[in-house]
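Reader: I have a model open and a few questions about it. Can we go through them one at a time?
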Amino acid sequence: MWDALIGAFLFGLVGGSVPGPFLTCVFTEILHVGFTKSLRVILWGLIAETSVIGLLLLIAYIIDPPKGVFYAISFAGACFLFYLAWGVSRIKKMDAEGRAFITLKKIFVVSFLNGPLYLFWTTIGIPLAFELKGVQYGIVSFLFVFIVGWLSATTLWAFLFSRFRNVLTQPHFIPRVFTAMALLLCFFAIRMIVQGVRFFVS
């Protein structure tokens, strides 16, 4: 149980740290109104992404596929993790391109049309969450811990961007941070492959 929950938290940290449409929205809002008022965008993103994730988990729970299906899907998830690791390792800077004012509607559109979010939870998140299906409130706990990790990382990066933007744009700082995150993703990819092999061999 703790293994899955630790994984959920770490995935949340990585998910909240990797630059993408949502984090760009947060950085853009900081440029407009400052860190404190930009927290509303993080809250909107939390609600929007939790809605998407909760819907996917609910559908999977209702369908209730055999355990082997998740292990089979996890092989695709491992490949996706290696792909993510490759992309993360190539990140060289944190910036905020685009200056459009961010609204609640825009945040929901960004989240509900975020293809990688669906792909991640279909191939990685749901199989990991269903490791706790036999535990009371296990899946809910997994989602909660993931959200805590995601919220912690997103808020921390927003704060750092608002206070130390000049540092974050230095060419030597960001690559090292995201190289470490890429290695972490590779670790989980290997872990998923090993668990899948063990299941089908046993």
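Reader: Which helix does K67 lie in?
Author: This is a predicted model, and in it K67 belongs to helix 4.

Reader: Is K67 buried or exposed?
Author: K67 is exposed, because its relative accessible area is 53% and the cut-off for exposed is over 50%.

Reader: How far apart are the C-alpha atoms of K67 and P127?
Author: They are separated by 8.6 Å, although K67 and P127 are 60 residues apart along the chain.

Reader: Back up a bit. How many helices and strands does the protein chain have?
Author: There are 9 helices and 0 strands. Read along the sequence, the pattern is α-α-α-α-α-α-α-α-α.

Reader: And what percentage of the residues in the protein chain is buried?
Author: Buried residues make up 43% of the 202 residues.

Reader: What about contacts in the protein chain with a separation of 6 or more: what share comes from residues 24 or more positions apart?
Author: Residues 24 or more positions apart account for 86% of those contacts.

Reader: Now the core. How many residues are in the largest nonpolar core, and which have the most contacts inside it?
Author: The largest nonpolar core holds 57 residues, and F11, L57 and W121 have the most contacts inside it. At least two residues come from each of several helices, including helix 1 (2–17), helix 4 (67–89) and helix 9 (173–201). Helix 3 gives the largest share of this core, 11 residues.

Reader: What does F11 touch, leaving out residues up to four places away in sequence?
Author: With those left out, F11 touches L81, F120, I124, L128, F146, L185 and F188. Two of these, L185 and F188, are among the buried residues of helix 9.

Reader: On helix 9, how does its reach compare with what is expected at 1.5 Å a residue?
Author: Helix 9 has 29 residues and reaches 43 Å from its first C-alpha to its last, close to the expected 42 Å.

Reader: Which residues make the nonpolar surface patch, and where does its largest share come from?
Author: F82, I190, I193, V194, V197 and V201 make a patch of about 480 Å². Helix 9 supplies the largest share, 5 residues. V201, found in helix 9, counts as exposed because its relative accessibility is 68%.

Reader: Change of topic. How many salt bridges does a search of the whole structure find?
Author: The search finds 2 salt bridges. In one of them the side chains of D3 and R191 meet, at 2.5 Å from N to O. That pair links distant parts of the chain, with D3 in helix 1 and R191 in helix 9, 188 residues apart.

Reader: Why does R191 count as buried?
Author: R191 counts as buried because its relative accessibility is 13%, and buried means under 20%. D3, in contrast, is partly exposed at 46%.

Reader: Which residue does R191 form a salt bridge with at 3.8 Å?
Author: That residue is E131, with 3.8 Å between the closest N and O atoms. E131 sits in the loop between helix 6 and helix 7, 60 residues from R191. Salt bridges that share partners join D3, E131 and R191 into one network.

Reader: Last one. What is the phi of Y137?
Author: Phi of Y137 is near 60°, a positive value in a residue other than glycine. Most residues other than glycine have a negative phi. Y137 is found in the loop between helix 6 and helix 7, and is exposed with a relative accessible area of 60%.

How values were computed
Residues numbered from 1 in each chain as written. Predicted model: local features only at pLDDT ≥ 70, side-chain atom pairs only at ≥ 80, totals over all residues. Heavy atoms only, no water. Core = buried A, V, L, I, M, F, W, Y, C linked by side-chain atoms within 4.5 Å. Buried < 20%, exposed > 50% of the residue type's maximum accessible area, 1.4 Å probe, protein only. Helix = DSSP H or I, 4+ residues; strand = E, 2+ residues; numbered from the N terminus. Contact = heavy atoms within 4.5 Å. Expected span 1.5 Å × (residues − 1). Patch = residues over 30% accessible without salt bridge, like charges linked within 9 Å, V, L, I, M, F, W, Y side chains within 5 Å. Areas by Shrake-Rupley, 256 points an atom, 1.4 Å probe, with all protein chains shown as cover. Salt bridge = Lys/Arg side-chain N within 4 Å of Asp/Glu carboxyl O.
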